[in-house]
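The sequence and structure are shown first.

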Amino acid sequence: MNLRENVHLAPYTTLQLGGPARYFVECTSESEVGAALAHARERGLPVFVLGGGSNVVFGDAGFPGVVLRVAIGGDQGIAFRDGEISAGAGAEWDTLVRGAVERGWSGVECLSGIPGSVGGTPIQNVGAYGQEVAETLVRVNCLDRTTLEHRTFSAAECEFGYRDSRFKRRDRSRYVVLDVTLRLERDAPPRIRYPELRDAIARVGSFDDAAPADAVRLVRQTVLALRRAKSMVLDPADPNARSAGSFFMNPVLSPEAFAKLGQRWEGAIPSFPAGDAVKVPAAWLVERAGFPKGYRLGGAGVSSRHALALVNLGGTSAELLALADAIRAGVEERFGIRLECEPDVVR
Ligand code: NAP
C-alpha cells in the first residue's frame, strides 16, 4: 500500500480545485482497498473514496483523513466478451463506451463522452440523451467499507432511479465499487428516444439503411458533437473545461409544485413528464434567475456554453461554492425551488 502524505487534490479533479489530503492512497486491487480502509479505521481517520474526480468539489482546506483513489483495472483491463463487458472501477468510462461502439454493440452509445471512471456510474445511475446505465448493468461488485465483506448487487438490487441508486440513499458511503459488468446488444440498432439527438443525427446522416454497427457509431459521433458544443467533454484547450459537468440536478416536481411554479413566471416553462411528476431543466431556472451563461463571480463562473456547468476560472473552491450558493439562493428567491447540487461537496 502506497500511502502518501499531504497530497494536493486539485490535479485529481476535473474542476482542478482542492487543498491537500492528509493521506492519499491509490488502490489497484480489492486487497489494497481493504488494507487502506483497515489502516484508516485503526487510526480513526475519515475516508473519502475518489474515482475519476469528475463529480466532486474538495474544499481549499483539503481533506483531514485518507483519500482512497480507486484505480482498479485500468483501461487495458476492460473485458469484452459475447456482448458482455466487465471493467474495474478505475477504468475510464468513455474507454469502455468507445470499445463497445467499435464492436458495434448497442446500449451505451448515448453515454459517450461522459468524464469519470466506471466505478462512479452505478452510484448516480449516469444517464444522458435518453439512456442510462441501469438499462445495461448486470451486476456491481462492492466492498463493504465497515465489515470489509464482498457483496454483489444485481441491477434490481441497485434500486436505480433517475440519476439515483441505493448507493446515494440508504447505502450512502457504505460501499466501494470494485467492478461493474454490463450486457449490451449485438446486431441491434440503437434506440433513439431523445428528440435533440434524433434531430442532430438526421442532420448528419441517414439512419434507416445503416447497418446496426454503423448506426451505433453514428450515435456516438453525434453525441460527442452535441456534448462538445456544450463544453461537456474534457478538452484542456476549452476555457470551460475546468468543471464538474452539471452542477445542479434537474428538479422533478409534483403537479402541484409545478402549478405553483407557473404562478411565478409569465409564459411557458419548459417541462418534461417524469412518471406522475414533471421535470424542469435546472439550466432554464438558473438563467432566468439572473445567472446567464458566462456570468462571473470572483474566480468562478457559469460556463459560456451551458448554464448548468460551473467553471473554475482560476479561483478557489470557496469562490466556486460561493457562486453555487448565490445561484441556489437566486433560484429559490425567484422560483421557490431549492436546487440540489449534483457533485459531492467535501468542505
Ligand atoms: P438538456 O438536453 O438541455 O435537458 C435538460 C433537461 O430537460 C433534462 O432534465 C432532460 O431530461 C430534459 N429533457 C430535454 N429534452 C427532453 C425530452 N425530449 N424528453 C424528456 N426530457 C427532456 O440537458 P443537458 O444538460 O444538455 O444534458 C444532456 C444530457 O446529459 C441530458 O440527458 C442530461 O440528463 C445528461 N446529463 C447527465 C448527467 C449525469 O448523469 N450526472 C450529467 C450531465 C448531463 P434528462 O435528464 O432525462 O435527459
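Gln 124 is buried, because its relative accessible area is 13% and buried means under 20% relative accessible area, with a 1.4 Å probe and protein chains only. The model is predicted, so that local features need pLDDT of at least 70 and side-chain atom pairs count only at pLDDT 80 or more, while totals for chains, interfaces and linings use all residues. Residues are numbered from 1 along each chain as its sequence is written, and side-chain values use heavy atoms, with hydrogens and water left out.

Gln 124 lies in the loop between β8 (105–106) and β9. Leaving aside residues up to four places away in sequence, Gln 124 touches Asn 55, Arg 163, Asp 164, Lys 168 and Glu 342; contact means heavy atoms within 4.5 Å.

The ligand is surrounded by 18 residues, the closest being Tyr 162, Arg 163, Lys 230, Lys 279 and His 306; a residue counts here if one of its heavy atoms lies within 4 Å. This shell comprises eight nonpolar, five polar and five charged residues.

| Ligand atom | Side chain (N or O atom) | Distance |
|---|---|---|
| oxygen | Lys 230 | 2.5 Å |
| oxygen | Lys 279 | 2.5 Å |
| nitrogen | Glu 342 | 2.7 Å |

Taken alone, the ligand exposes 800 Å², of which the protein buries 80%; these areas come from the Shrake-Rupley method with a 1.4 Å probe. The elements giving two or more residues to the shell around the ligand are β9 (127–128) and α3 (195–204), where helices (H or I, at least four residues) and strands (E, at least two) are DSSP runs numbered from the N terminus.

Note on methods: A polar contact is a pair of N or O atoms within 3.5 Å; within protein, one must be able to donate a hydrogen and the other to accept it, and residues adjacent in sequence count only if both atoms are side-chain atoms. Ala, Val, Leu, Ile, Met, Phe, Trp, Tyr, Cys and Pro count as nonpolar, Asp, Glu, Lys and Arg as charged, and the others, Gly among them, as polar. Buried means under 20% relative accessible area, exposed over 50%, partly exposed in between (1.4 Å probe, protein chains only).
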